[in-house]
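Trainee: Please take a close look at the aromatic rings in this model. I am new to it, so explain the terms as you go, and end with the backbone.

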Amino acid sequence: MGLPQSFEFGAVSAALLALWMVGITDFRASVTLFGIQSFVLGLVAIAIGARHGEPLLILVGVAVIVLKGLIVPYYLIYAGRRIGCRRDSLMPVSAPTQFFIALSLLSLVLLLRPLHAELPTSTLPAVGILILGMMLMITRRLAVSQIVGFLVLENGIFLYTIGQSHSMPIVVEIGVLMDVLSCVMLAGLLAFKINKTFEHIDVAELTELIG
Amino acid sequence: MNWMYSLPLYVVHILIIPLLLIGFIRKVKARLQNRRGPSILQPFWDIAKMLSKAETISKTASGTFRMAPMVNLSAVFTAALMVPWLGVPSPIAGDLFLVVYLLAAGKFCIGLAALDTGSAFGALGASREAAVSIHAEPALVLGLAALAVHAHSSKFSTLLAGTPGNELTTILAALVVVAAWVAVIADLSRMPVDDPTTHLELTMVHEALILENSGRNLALIEYAVALKTSILLGLIGQIILMGAPRHSIGTTYLLTLLLLAIATVVLAVSETVFVKLGWKRVPNLQSFGTGAAILACLLVALKG
Amino acid sequence: MFPSSASITIPLTLAAFLWMAAPLAALFSARDTNSRRWSVLFFLGALCVLLAGIDCFGHPPVRIVLPAPLGLGPCRFAFRCDPLSGWFLGVIGGVSAMIAPYLRGYCAHIRARVDMRLFWCALSGLAMSMALVVLAANALTFLVVWELMSLTSFLLVATDHEPRANRRAALIYLAATRFSTAFLAVGFLWTHALTGSWEFGAWRLAGPAALVPGLFVLAGLFIKAGVFPFHLWLPIAHPSAPSPVSALMSGVMVKVAIAVLVRLFVIDPAFTNSAFGILIVVLGAISALWGVLFALVQHDLKRLLAYHTVENIGLILMGAGIAILAGSHGPSLVAQIALAAALFHVLNHALFKSLLFLGAGSVDVGAGTRDLDRLGGLAKSMPWTFGFFTLGAASICALPPFNGFASEWLLYQSFLGSACGSTAPIHRFGALLLIGLLCLVGALAVACFTKAVGVVFQGMPRSVGAQKAHEATSGMIVSQAALAASCVILGLSAPAVLGILQVITAPLPVAGANLLAAWNLPFGALVTSLVITLLAGRVWLRHSQSRLPEREFITWECGFGALGPRAQVAATSFVQPIASMFCVVLQYAQSLESVGENARLFPDELTAHATTEPVLETRVYGPAARWLVQIGDQILKFQAGSIHLYLLTMVVTLLILLAIGGSMK
């Protein structure tokens, strides 16, 4: 079960990119970082596929690079420009505090290693990205930022699966990718609709939906 | 290297390099902005001019205002003799915490002098400078402390020696360079934290601090800032060289000078390209520096 | 058991006589008694204690037991003189001796409205009981002198009891001491039940058995030392006391609790459990950060200094905790360095905190107020106080080459050593984070003292009192000069101090290495370089001043015309950027109201409001106190005045006791 040299490097850089995203308030910058992260993860998938001679995995890697590295970021930036949101400055705690909370969560995961020693080391960056994606979703108030958080979460799951068993039915992974794409499209459309109806996409103010 | 040789070497470089560095930054910035710019030696003539002018001192000021720039320069000068910022072993074997606290002592004196004149702008500058150092000092100290734990000592000579060719050292050095760069930019009040050429008092951090100074004392303060810039950029250069294989002292010295030149070009480019951050968003930038330092500590804690 | 040495007992008995004769005589003297007599007696008593402390180092530990008629039932009054108690005796005696000249000048100021007899009585009682607490060798002696210490310090806090705030502060302080004694008593009783002895030296509990009694004792000591979350009484009580008393309490009394902590938990520990080490380090770290954050937003000078005491106690505890943790895994140099750092910081803090409080007292006497927003420009009218206060501020900010830096450097080295020495990643990361925390606390302290010195002494006077300020009397200046000189001397002669500390920390298991070798700072070169550059600069400035004399003009005012004192920085505005960074902890909120016809562009009136909320007081202790009062009200219903109800209660209690007694057969 050999993972190539570049796996550790790629996985850790993807985790660091997710960490960087937590500290940023600018929407366009976080989407660009997400694009770079997907690009890196796609390269990692291609490397693993090349090492083990799995053409499906290489195909999935290319798909990730094209879909999540180029198309989705472009669509999100376009949606953001249409809605007119630039900076998510309405967060409950300030960006530096969120950054430090994220950093402490990651440190706890790494330092409390003996507690979860049954998890292989190669999955730790994926777990980190999962946690960071969830944090992004919880702490952002603009709907589009929450979409980005969900996408980061999905990236984490993707990294986990390719790191674990590269001989797992890759059809499942393709299916998940399609799900993600349609989710993003729907979410973007919803965001347009919410904006048109309420004149803003501040999720905290959407309490009027309570029955 | 014996201190008898390194002391004159350091003193000569302390007299020449800081102002040359500032002149170089201004020249590169000017070129990037399509101007001819002042000559590289202009800061020398500026300092000479300021030294030859009489001071105008506020009636409210007391002895602190008159003495603080000299105390600050003395602290920074002593720190310059303790940090091996030229790539050559320093005359005094400096300790990491001693140097950081010496620089803080200089900042304390200048802060008091700024409050001495009863000027609202001086107080604004002093309070902002204090707020900036809340992030900058721990970032720098944590980064260097990670190197210290890696090297099992807090003396600069052992800290910066490292184990060449070790992959861990390279990654550690990279993280510490990021942390130190952000901390140094903030501490020296350069872009994007503060614009050194601004004329709007409400946007100033360092310039507001020294607004009331003139003549001789202003020359001393400007020179101290230039010296601090050289020390900190030289230190960052040494950390970069940590990841590289060991050379002889002469080659390290030349490489350090080269890295200093590259650092000034990078500074000039960032000053031209980046917009000054609004004051409320400066902690956002600084938290990345502190975060990088904490990551370096995490790396050292996990991998030794 | 141990040979009794004459060279300690004679100065000690003399000191006891001088310090205990004084109170009795003071009670019988006239109401406006002559302070010079009492302050000279106090000074001599302090010198005797200092000599006794120095003498403790000369020979093996000595045990003094008072003769038969004086006893406490099961055990006698017993005192033990060993290097650790010698160190603290030195601190108590030295600081008291240096405060003594200050007393006369200060007492002349408060004599008009205060009965000085009780003051002198309580002051001497406090100093003597502090010395005895450090020497106490068994639990009952300890509790007796501890209570004496609490009572005398309560009387001192209540010296000026006319203002309601001072009365409230004294009662809060008394309540805190009650809790502290209660916890200590429970802890000691529990330990006695487990070990069967009252002697501190005979207690050797380890592991889970040590946990509960150790926690009770620790809680009692934490309350007295002012550690988070029990520090609430400190910023309330210390400002209300007269300044020399605040200096004594802040500088010395909280250290006495630390002395007992070191004796019971670090050196020849009575309670050995690594959980204590972790608890002490964590609470110390939180106290340090909490104390300095709240100090930043104070605008009463003495409250600011009191919060800094909380911070420094946190630093001392961090050192002690690291000493426990590092020593628990066997012989370790790190433990020795950590304990040396903690003890050195005890001495340094006693010196510079007393200096700062005495300076604050001079400001109070000279300018008539302690409020930072009413002071200013005192550097010209009170130059000596300004100079010494700035020196004290530089020491507390740990700026080289003063003494604060020496102990903080040792603390850094102990953290570094702890990180290098352990292999568990979480310990290494924790030690590195402590280094970062110490640096953060240092940066915050520098900010706080820039504000304190700048707002009080620099700029223009903000009130009439500050305009008419006068310098303190010569006695008060002599005290401050002595303390400042000792700060400088200790900073420069740190290796000598380390030699003394080596003797004290000897009982700790050590890997054979030398403590002095750990001090590898190039202090000689540092001081030479600083002195040469300063002298050269001074000479050159003098010369160029004669060539080009300076010109005097007003401060730059942007063309608005000369700005008045109101346009200067205020205490709250200086820390606004930092306070908003930490707004979660401080509950910092700002509001700006503008009033007028065109309120946005040309307002008639602008009101800026900045508030901080002491979270612990309003959200934890406040509700808890109210809840206690409610319960008390419910219980009050039993005091209905009805005899029938009282008889019924007595009968029920009797029946319950009979039932219990019957079941115990």
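**Aromatic rings and their setting**

Mentor: Between the C-alpha centres of domain 1 of chain C and domain 2 of chain C there are 46 Å. The assignment gives chain C domain 1 (1–204), domain 2 (577–597 + 604–613) and domain 3 (616–663); such bounds come from an automatic or database domain assignment. This is a predicted model, in which local features need pLDDT of at least 70 and side-chain atom pairs count only at pLDDT 80 or more, while totals for chains, interfaces and linings use all residues. Residues are numbered from 1 along each chain as its sequence is written, chains are lettered from A and ligands numbered from 1 in the order in which they are written, and side-chain values use heavy atoms, leaving out hydrogens and water.

Now the rings. Over all chains, the structure holds 30 aromatic pairs (rings of Phe, Tyr and Trp, the last by its six-membered ring, with centres within 6.5 Å; planes under 30 degrees apart are stacked, over 60 edge-to-face, the rest tilted). Phe142(C) and Trp146(C) count as stacked because their centres are 5.1 Å apart and their planes are at 25°. Both belong to helix α5 (residues 139–157) of chain C, four residues apart, about one turn of the helix. Helices (H or I, at least four residues) and strands (E, at least two) are DSSP runs, numbered from the N terminus. Phe142(C) and Trp146(C) are buried; buried means under 20% relative accessible area, exposed over 50%, and partly exposed in between, with a 1.4 Å probe and protein chains only.

By contrast in label, Trp519(C) and Phe523(C) make a tilted pair, 5.9 Å centre to centre with 55° between the planes. Trp519(C) and Phe523(C) are both buried.

Ring pairs also join Phe142(C) and Trp146(C) to Phe188(C), Phe200(C), Trp203(C), Phe265(C), Phe271(C) and Phe276(C) in a cluster.

Charges come next. Arg37(C) sits over the face of Trp38(C), 5.2 Å from the ring centre; the test is NZ of Lys or CZ of Arg within 6 Å of the ring centre and within 35 degrees of the ring normal. Arg551(C) lies over the face of Phe553(C), at 5.2 Å from the ring centre.

Last, the backbone. Most peptide bonds are trans. The bond from Phe228(C) to Pro229(C) is cis, with omega near -5°, and Pro229(C) lies in the loop between α7 (211–225) and α8 (233–240) of chain C.
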